[in-house]
Amino acid sequence: MKYELSVRDYNVPNEEHIERQKAHMDAARSLATSIRDYNINNLKNYKCICKLPDLIPLNSNPKWSKRLFGAVNTVQKAGCLVFVSKLFLDEFDFNYIEVNSIIKEIEEKHYRLWKLANRDKTLSMPTISLEELKAEFPDDEPIQSCNSLDEVYSVAGNPVGIGGSMFFLDNLIYLVCRWNDIDVVKPYSGSSYGTRIYNVDSLLENLEMGCPIPLRVENSVYLNDSSLKGGHYITLYGFNSGTAIVVDSNIDSNAGIKELPIKQLFDAMIANPNLVCAWNPSTVLLRK
């Protein structure tokens, strides 16, 4: 049976957004504390590697690389959330869902986030129009006085990409659980039935169950370059005697497979305390 990709919309009532942000921060703090307190020497001789995929989608593929991704940037520049999601779906035999379908879903369900350079408000419209911008800034007199997008950009700055929302993966995991008739999963939380990993033990349990782990890293630490800003979604496939094996859509060499010290990966995961995210794909294996 084939299922249709239909993730819940990013835009929710403000009260619900506050609740999911709190659940995210609870999971983030718990995981960061566990990583900081974990004795990395425990993994010195540890070996557990999930089966690597036969086909790894890369952001440089000309089938989608130059495609505009939402309102700002291209898939090649900003599409890592797409490829992590594709690997997750493929892992659980939903490989008929194509990359372009995931791109469209992220765009249309408002998970592709951006802003105007001189304004703080996060925007998620997949396209830019003068009317929509005025509706988003009803009390902003300089924007309200503009008669074209160029005028808006002159007073509020050009569109700048923020990234893909972390909440997409929570809702994607939740959707797949529903496809599998699993109705106990709670999106965003780090509980036993949550979509987030909340400690190193749970991370290892996922790997030992054969479940590769989507996670977020801070680029400056992950790529060992302090000049790099922002973060990136990758998938952890395992550990091998002090080395982490990840799949990264940004890497053309070695078919997207990258190895780095486990400590460097852990440090990259917790470098931004507000964006510590590792997801719990093993919930898809739960049964009532």
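**Exercise 1. The surroundings of V247**

Task: State in which strand V247 is found, whether V247 is buried or exposed, and which residues V247 touches beyond four places in sequence.

Solution. 
Step 1. V247 belongs to strand β6, which covers residues 243-247. Helices (H or I, at least four residues) and strands (E, at least two) are DSSP runs, numbered from the N terminus.
Step 2. The relative accessible area of V247 is 2%, and V247 is therefore buried. Buried means under 20% relative accessible area, exposed means over 50%, and partly exposed lies in between, with a 1.4 Å probe and protein chains only.
Step 3. A contact requires heavy atoms within 4.5 Å. Leaving aside residues up to four places away in sequence, V247 touches L52, I56, L87, I234, T235, Y237, G256 and I257.
Step 4. G163 is 84 residues from V247 along the chain, and their C-alpha atoms are separated by 19 Å.

A note on the origin of these values: this is a predicted model, in which local features need pLDDT of at least 70 and side-chain atom pairs count only at pLDDT 80 or more, while totals for chains, interfaces and linings use all residues. Residues are numbered from 1 along each chain as its sequence is written, and side-chain values use heavy atoms, with hydrogens and water left out.

**Exercise 2. A loop and its contacts**

Task: Locate V72 in the chain, and determine how many Å separate the C-alpha atoms of V72 and V160.

Solution. 
Step 1. V72 lies in the loop that runs between β1 (47-49) and α2 (75-78).
Step 2. With a relative accessible area of 7%, V72 is buried.
Step 3. In sequence, V72 and V160 are 88 residues apart, but in space their C-alpha atoms are 6.5 Å apart.
Step 4. Not counting residues up to four places away in sequence, V72 touches R112, W114, P159, V160 and G161.

**Exercise 3. Positive phi angles**

Task: Give the phi value of N73 and that of A255, and describe where each residue lies.

Solution. 
Step 1. As background, most residues other than glycine have a negative phi.
Step 2. N73 is a residue other than glycine with a positive phi, near 70°. N73 lies in the loop between β1 and α2 and is partly exposed, at 24% relative accessibility.
Step 3. A255, also a residue other than glycine, has a positive phi near 60°. A255 lies in the loop between β6 and β7 (257-261). Its relative accessible area of 45% makes A255 partly exposed.

**Exercise 4. Salt bridges**

Task: Find how many salt bridges the structure holds, and examine the pairs of E16, E105 and K263.

Solution. 
Step 1. A salt bridge is a side-chain nitrogen of Lys or Arg within 4 Å of a carboxyl oxygen of Asp or Glu. The structure holds twelve of them.
Step 2. E16 pairs with R8, and their closest N and O atoms are 2.3 Å apart. E16 is partly exposed at 23%, and R8 is partly exposed at 43%.
Step 3. E105 pairs with K109, with 2.9 Å between the closest N and O atoms. E105 is buried at 8% relative accessibility, and K109 is buried at 19%.
Step 4. K263 and D267 meet at 2.8 Å, N to O. The two residues are four apart in helix α11 (residues 262-270), and they are therefore separated by about one helical turn. D267 is partly exposed, at 30%.
Step 5. K22, D26 and R29 are linked in a network of salt bridges.

**Exercise 5. The whole protein**

Task: Describe the protein by its secondary structure, its radius of gyration and its buried residues.

Solution. 
Step 1. The secondary structure comprises eleven helices and seven strands.
Step 2. The radius of gyration is 19 Å, close to the 19 Å that the globule rule gives for 288 residues, so the protein is as compact as a globular protein of that length. This radius is taken over C-alpha atoms, and the rule is 2.2 Å times the number of residues to the power 0.38.
Step 3. The C-alpha trace spans about 65 × 45 × 40 Å along its principal axes.
Step 4. Of the 288 residues, 50% count as buried.
Step 5. Among contacts with a separation of 6 or more, 65% come from residues 24 or more positions apart.
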